[in-house]
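This report describes a predicted model.

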Amino acid sequence: VRIPLTAHGKPICNYIIDFKIIHNDGETELVEVKGFPTETWRLKWKLFEAIYEKEHPEITLTIVR
């Protein structure tokens with residue numbers, strides 16, 4: 001799932017999350033499966049958390065290693 005990350009209305013980059021799960025109760029969970037975390041991934045994940053989590057507090061984020 002491609003998720004655009006923007007700051008102050010300007011596009012920064014896209015984050016591609018591995019899975020989007022919609023549970024039977026209607027809750028949404030985004031799942032990132034990571035084997036080896038690279039520096040680029042760490043930076044994008046921090047941006048993703050800072051921007052996306054703030055705008056969508058109803059969505060659960062999960063990292064599977």
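In which helix do Phe 48 and Tyr 52 both lie, and how many residues apart are they? Both belong to helix 1, where four residues, about one turn of the helix, separate Phe 48 from Tyr 52.

## Aromatic pairs

Phe 48 and Tyr 52 form a stacked aromatic pair, with 5.1 Å from centre to centre and 10 degrees between the planes. Both residues are buried; for Phe 48 the relative accessible area is 0%.

Across the whole structure, a search finds five aromatic pairs. One of them joins Tyr 15 and Phe 48: the ring centres lie 4.9 Å apart and the planes meet at 20 degrees, so this pair is stacked. It links distant parts of the chain, since Tyr 15 lies in strand 2 (residues 10-16) and Phe 48 in helix 1, 33 residues apart. Tyr 15 is buried, at a relative accessible area of 4%. Ring pairs connect Tyr 15, Trp 41, Trp 45, Phe 48 and Tyr 52 into a cluster.

An open sheet is formed by three strands in the order 3-4-5, with mixed pairing. Strand 3 (19-22) and strand 5 (60-64) are at the edges; each has a single partner strand, so one side of each is left without a neighbour in the sheet. On average, neighbouring strands of this sheet are turned by 25 degrees against each other, direction ignored.

Strand 3 pairs with strand 4 (residues 28-33) in the antiparallel sense, over four bridges. In strand 4, Thr 28 is the bridge partner of Ile 22. Helix 1 (residues 39-55) packs on the sheet and touches strand 4 and strand 5. The direction of helix 1 makes about 165 degrees with that of strand 5.

## Salt bridges

Side chains of opposite charge can pair when their charged atoms come close. The count for this model comes to two salt bridges.

Lys 34 forms a salt bridge with Glu 32, and the closest N and O atoms are 3.7 Å apart. Lys 34 is buried, with a relative accessible area of 19%. Glu 32 also counts as buried, at 2% relative accessibility.

The side chains of Arg 42 and Glu 39 meet in a salt bridge at 2.7 Å, N to O. Arg 42 and Glu 39 are three residues apart in helix 1, and therefore separated by about one helical turn. Arg 42 is partly exposed, with a relative accessible area of 35%, whereas Glu 39 counts as exposed at 59% relative accessibility.

How values were computed
Residues are numbered from 1 along each chain as its sequence is written. This is a predicted model: local features need pLDDT of at least 70, side-chain atom pairs count only at pLDDT 80 or more; totals for chains, interfaces and linings use all residues. Side-chain values use heavy atoms; hydrogens and water are left out. Two strands pair if DSSP finds at least two bridges between them. Helices (H or I, at least four residues) and strands (E, at least two) are DSSP runs, numbered from the N terminus. Axes are lines fitted to C-alpha atoms, for helices over the stretch in contact, and angles run from 0 to 180 degrees between N-to-C directions. Contact means heavy atoms within 4.5 Å. Rings of Phe, Tyr and Trp (its six-membered ring) pair if their centres lie within 6.5 Å; planes under 30 degrees apart count as stacked, over 60 as edge-to-face and the rest as tilted. Buried means under 20% relative accessible area, exposed over 50%, partly exposed in between (1.4 Å probe, protein chains only). A salt bridge is a side-chain nitrogen of Lys or Arg within 4 Å of a carboxyl oxygen of Asp or Glu.
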